Amino acid sequence: MSYDVPEQELMTPGHVACPGCGAPMAVRYALKALGENTVVIIVASCWSIIAGPFPYTAVQVPLLHTLFATGGSVASGVKAGLEACGYKDTTVLTVAGDGGTFDIGIQALSAAVERNEDFIYMCYDNEAYMNTGIQRSSATPWGAWTTTTPVKHPKEQPKKDMVAIMAAHRIPYTATATVAYPEDLIRKVKKAKDIRGSKFLHVLSPCPSGWKSEPAQSVLLSRLAVQSCLFPLYEVEHGDKYTITVWPREKVPVERYLRLQGRFAHLKPEDIRYIQENVDREWERLVAKAKASGQEIPSTGG
Amino acid sequence: MEKVIMGNHAVSYGVQLARVQVIAAYPITPQTQVVEMLSEFCADGLLDAKFIKVESEHSVMAAVVGASIAGARAFTATSSHGLALMHEVLHWASGGRLPIVMANVNRALGPGWNVWTEQTDSLAQRDTGWIQLYCETNQEVLDMVIQAYKIAETVLLPVMLVLDAFVLSHTEEPVDIPDQAAVDRFLPPYQPKFRLQPGNPCSFYGLVAPEHWMELRYKMQRAMEQAVEVTQQVGAEFGQVFGRPYDVVEKYRMEDAEIVLVTSGSIVGTSREVVDELRAQGQRVGLLKMRMFRPFPFVAVREALAGVKKVAVIDRNISYGHGGIFASELKAALYGMPNPPTVFPFIIGLGGRDVTPQSIHKIVQYTQQYDKPAEEIIWMEVKR
Ligand SMILES: Cc1ncc(C[n+]2csc(CCOP(=O)(O)OP(=O)(O)O)c2C)c(N)n1
Ligand SMILES: [Mg+2]
């Protein structure tokens with residue numbers, strides 16, 4: 001893959017995210033892919049802060065802040081309103097956290113994509129409610145510490161499979177991405193831009209404060225998540241055509257990813273084995289789906 | 001053109017004439033026909049609007065907020081539980097200074113399920129920053145939709161217009177449907193001053209620190225205050241063009257009245273009849289119709305009631321632990337007036353219990369009989 005990141009910057013450096021936050025990186029790349037003819041909708045989340053307080057803005061396209069549960073619904077209205085005013089080819093991009101997507105906003109999101117509204121929904125998933133101080137969400141992985149899943153009682157449930165839920169709506173395009181693979185992310189956003197209908201992008205987004213990780217290691221963590229197959233990079237077209245877009249060079253043990261994060265520090269070797277088994281099983285399932293969709297499987301991938 | 005139509009369809013015709021561009025709605029009895037008819041208008045090309053069929057009322061209000069901030073004229077209709085579910089987003093609409101218009105069909109809130117009329121649903125949204133206008137007839141409903149956009153787009157606040165479940169929503173009355181060309185002259189297309197516009201990067205509704213917050217809220221209140229006069233002007237202009245003038249309150253046979261009935265919605269119609277009967281008997285009874293509840297028309301109300309001895313407020317609503325909501329608002333408005341009238345606060349007709357001319361007669365008799373109310377709330381026709 002050639003290096004292909006547009007130079008245009010639609011995010012200014014004055015944003016107020018914490019050092020090492022994945023969320024501004026994800027939006028910065030997405031805006032590079034989308035260009036100026038874009039309207040951004042920010043659902044209540046850390047991004048409500050990151051964009052800057054009134055009267056500042058860190059984003060160089062029109063931006064609407066909206067309520068926690070309205071990522072899908074407000075976007076539907078904005079798109080209709082823009083069209084009524086003659087802006088028929090403007091891209092509407094909703095940016096929401098995992099809480100706004102997996103939990104409180106899932107109803108409006110499900111309804112919007114069921115109607116196949118023409119917009120891109122980008123969830124930056126830092127795996128907890130970070131803005132309110134690291135409370136668990138249904139995106140928090142099994143075994144993780146948060147302020148509502150203390151070390152003595154870490155999260156007992158697996159992470160909700162949001163991509164599967166979105167794909168089950170048979171929408172034209174669903175994909176995962178991370179900031180460690182900007183070309184892949186940008187290619188997916190560009191692809192989404194050219195498709196009419198609902199597009200869902202799930203971006204893993206490291207949060208040094210919530211993950212108890214080093215700010216300088218956010219890109220490394222994103223890469224390890226992909227290389228360990230814990231967060232594979234793939235896309236699903238119309239709910240059934242699966243394509244893996246980045247194959248790990250060699251499968252890294254998931255322990256390497258987990259051990260760089262304080263939120264997993266309490267895990268015992270058997271816990272890590274349990275996570276590894278789950279990752280392996282899920283990866284095999286994904287590879288089988290890609291194969292069934294006609295993708296050629298590289299020798300390192302199986 | 002005159003047609004015999006139900007209140008819900010009067011709303012739909014008003015929306016069509018106002019050339020609304022985006023509609024989002026969700027079904028709830030007794031509002032459903034409003035949006036059924038609108039979706040037909042859209043499907044038949046009689047209204048060039050996008051109809052977004054969302055999955056809840058929370059999403060309804062979010063979608064019309066999105067459409068409005070993108071610069072489109074937006075509409076919705078709801079009732080009761082639907083309105084309650086919107087609550088959070090109602091604030092976003094008004095604080096966002098968006099000229100959205102919504103019709104709310106007054107219906108009681110459960111539990112027990114009750115689909116009949118009561119004003120507690122709309123009055124519970126009193127403090128959300130929406131202008132509230134109560135309608136008496138289907139004609140007024142249609143006329144108000146058109147005026148509501150003009151008011152909303154002038155002061156940049158959303159308008160809720162309110163009609164009674166069944167008594168108006170499902171009752172057919174003759175309604176004059178104005179001419180589209182005349183409505184177009186009266187209500188030109190919406191020209192938003194601020195909106196989400198590609199090529200013009202502005203941020204809306206971001207974090208506001210205390211140093212700016214008070215000023216934004218002060219301006220909202222000033223817009224509310226301005227809305228009284230604007231509603232009067234718009235109502236007068238509507239009268240000049242269409243022959244039916246409107247004001248924020250209406251004084252009916254109040255000359256030298258000793259007792260004045262104060263009420264809103266369809267009870268006004270019933271009260272008019274009773275006032276006519278009593279006047280025919282030589283009794284000095286008048287009626288003050290409250291069209292506007294938010295902003296509260298202080299000046300008009302004080303002016304209308306100056307010199308009146310007794311006021312009987314008829315509330316089809318309740319604030320639990322306080323009383324009838326129009327009555328308590330009216331008392332507050334009268335405070336400080338020289339020789340204010342004595343207020344008799346009646347509650348009647350909750351959950352759609354019929355309010356008949358006989359009920360209004362009883363209210364007048366009570367008010368005549370006592371110097372002041374014997375209780376904080378005078379409950380009418382309740383089995384104790
Ligand atoms: C209706 C409602 N409930 C609660 C909140 C408080 N709240 C704001 S952001 C947030 C958490 C957001 O979590 P997520 O979507 O994961 O985004 P993150 O903060 O992690 O970026 C919460 C609970 C709110 N704004 N609105
Ligand atoms: Mg989060």
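Is Y129(A) buried, partly exposed or exposed, and what is its relative accessible area? Y129(A) is partly exposed at 24%, where buried means under 20% relative accessible area, exposed over 50% and partly exposed in between (1.4 Å probe, protein chains only).

The views show a predicted model, in which local features need pLDDT of at least 70, side-chain atom pairs count only at pLDDT 80 or more, and totals for chains, interfaces and linings use all residues. Residues are numbered from 1 along each chain as its sequence is written, chains are lettered from A and ligands numbered from 1 in the order in which they are written, and side-chain values use heavy atoms, without hydrogens and water.

**View 1. The aromatic pair of F68(A) and Y129(A).** Rings of Phe, Tyr and Trp (its six-membered ring) pair if their centres lie within 6.5 Å; planes under 30 degrees apart count as stacked, over 60 as edge-to-face and the rest as tilted. Over all chains, 22 aromatic pairs are counted. F68(A) is partly exposed, at 28% relative accessibility.

**View 2. The aromatic pair of W211(A) and Y257(A).** This edge-to-face pair has 6.5 Å between centres and 80° between planes. Both residues are buried.

**View 3. An aromatic cluster in chain B.** One cluster is formed by Y134(B), F293(B), F296(B), F298(B) and F326(B).

**View 4. Charges over rings in chain B.** A charge sits over a ring if NZ of Lys or CZ of Arg is within 6 Å of the ring centre and within 35 degrees of the ring normal. K53(B) lies over the face of F51(B), 5.3 Å from the ring centre. The charged end of R272(B) is over the ring of Y252(B), 4.9 Å from its centre.
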